[in-house]
Amino acid sequence: MNLRMIPPSGQTYTQILKSTMLMGGSSLVNVALSIIRNKALAVLLGPEGVGLLGLYGAILDIAQAIAGLGVSSSGVRRVAEAAGAGDEDRIARSATALRRISVALGLLGGLLLAALAFPVSKFTFGDYQHAGAIVLLSLAVFFRLMSAGQAALIQGLRGIANLARINVLSGLFATIVSIPLIYLFGEKAIAPSLVAIAAVSVLPTWWYSKQISAQPPPMSAREFGGEAKALFRLGVAFMASGLLTFGAAYAIRIIVLNEGGVVAAGLYQAAWALGGLYAGFILQAMGTDFYPRLTAIANNHAECNRLVNEQAEISILLAGPGLIATLTLAPLVMSLFYSAEFHGAVDLLRWICLGMMLRIVAWPMGFIVLAKGAQTIFFWTEVAATLVHVGLAWLLVSKLGTTGAGMAFFGLYIWHSILIYVIVRRLTGFRWSSANRRHALLFLPASGLVVSAFLLLPPWSAMVIGCVAVVVTGLYSLRMLVALLPPESMPAIVRGWITKSA
């Protein structure tokens, strides 16, 4: 590894912030589209319809995880390694294999879900009434896997601008096709709308991936077999991870459904979607740009640890104030995105936001395991996370109702944060930087304080405490972010503000 190719720390912060803002900008557009889409679906379907939408989505996620065999995720890593080595021929071979395998897996996955529609309907809903909708979802599996294969190529080559465009276009197309279908046909159109959303998402990924390599290179059966073997070998670990993650989400929805009915499932779906909305653009940017960059230097432990600390610092500073604002304004956020019928999910949303705060802290460390290709460790950490998450949900939902599912998510990330830190200490000698320890000592207690205030104090007192926490953490984050960046990368008005306040 040529250390001269690794950018200095200030440039790295700028690069992290630039990619985060680029993906975040597209996510903000999607947030606006989500407000429109969620509001329309909440009004047209109510909590029961939103709950059904979440259950169908969970089935679709599991089917995609199984059928995809982790090929799109392993494809990102393989393309990123080839790009880091500057091997254009290897990039072209990997891209061709990735596209062809994704189409084949999409076909097989769709057929498998259609064949299992009746038992899946019986297991999920206790009857066979939803079997026809599940058969229809098999088309969505095919379209999703096609799109994932094309997006993996773009991500592996760090085409961040194109991925941002794809996000915006996919969100726009999803809004355009889903609302009219639900408006015209109501609950019966939930499954067709998911298929339509998956189908239109293929268009932007196909367009931008086509620009990378329009003509596939000639490949012998032996070369194709070698590429396929490499993709499947690492992909199995990614598939297991995806299956465990989506399986846990599915299991928790079943637990909530059995305990509180479809309405409770709708409240959980609404809180889960909103809890991950703001943190989502940070996490998405992390997986999109940070993972390929980390893979390229994974064997240099010092640089790997530095990059993880820098990514974590930017992520904490960007996500912290927004999550605390969501904790404080949870009733308003729920009304804005959904309707008054969903106010029963406010406490659930707050617990999920607490978990998201820890998730922001833990995720950068987890990418060390991925970048180093430690498949066995990666698999067993995912198994442990699934057992803890589902176990806590089963215990807490039965005792505390739907809110217990949010507490289970928070408990999961207390456990996972500790576990993953111990693992990466052994892998690379990772330690948190003093700056990250300082940031965590502000944001984590502030989040706990706001939630405790709403549990123990009158609403107006808790709101005052929450608003003060938002202002304090927001100003702190702004000051820290500005201090991390080179002066030439900041607008003149910001440099002037810093000079005056110094």
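A: The charged end of lysine 122 sits over the ring of tyrosine 128, 5.7 Å from the ring centre. That label requires NZ of Lys or CZ of Arg within 6 Å of the ring centre and within 35 degrees of the ring normal. Arginine 350 does likewise with phenylalanine 454: its charged end lies over the ring, 3.8 Å from the centre.

This is a predicted model: local features need pLDDT of at least 70, side-chain atom pairs count only at pLDDT 80 or more, and totals for chains, interfaces and linings use all residues. Numbering runs from 1 along each chain as its sequence is written, and side-chain values use heavy atoms, with hydrogens and water left out.

Now the ring pairs. Rings of Phe, Tyr and Trp (its six-membered ring) pair if their centres lie within 6.5 Å; planes under 30 degrees apart are stacked, over 60 edge-to-face, and the rest tilted. The count is 16 aromatic pairs. One of them joins phenylalanine 118 and tyrosine 128: centres 5.8 Å apart, planes at 55°, so the pair is tilted. Phenylalanine 118 belongs to helix α4 (residues 117-125) and tyrosine 128 to the loop between α4 and α5, so the contact ties together parts ten residues apart in sequence. Helices here are DSSP runs (H or I, at least four residues), numbered from the N terminus.

The scale is buried under 20% relative accessible area, exposed over 50%, partly exposed in between (1.4 Å probe, protein chains only).

Tryptophan 206 and tryptophan 207 also make a tilted pair, 6.3 Å centre to centre with 55° between the planes. Tryptophan 206 is partly exposed at 42%. Tryptophan 207 is partly exposed too, at 46%. Elsewhere, ring pairs link Tyr268, Trp272, Phe409 and Tyr413 into a cluster.

Back to α5. This helix (residues 131-156) has 26 residues and should span 38 Å at 1.5 Å a residue; its end C-alpha atoms are 37 Å apart, which agrees. The expected span is 1.5 Å times one less than the number of residues. Helix α5 is mostly covered, with 19 of its 26 residues buried.

Last, the surface. Leu44, Tyr183, Leu184 and Phe185 form a nonpolar patch with about 480 Å² of accessible area together. Helix α6 (residues 160-185) supplies the largest share, three residues. Leucine 184 lies in α6 and is exposed, with a relative accessible area of 59%. Patch members have over 30% relative accessible area and no salt bridge; nonpolar side chains (Val, Leu, Ile, Met, Phe, Trp, Tyr) are joined within 5 Å, like charges within 9 Å. A salt bridge is a side-chain nitrogen of Lys or Arg within 4 Å of a carboxyl oxygen of Asp or Glu. Areas come from the Shrake-Rupley method with a 1.4 Å probe; for residues, only the protein chains shown count as cover.

Definitions and conventions. Helices (H or I, at least four residues) and strands (E, at least two) are DSSP runs, numbered from the N terminus.
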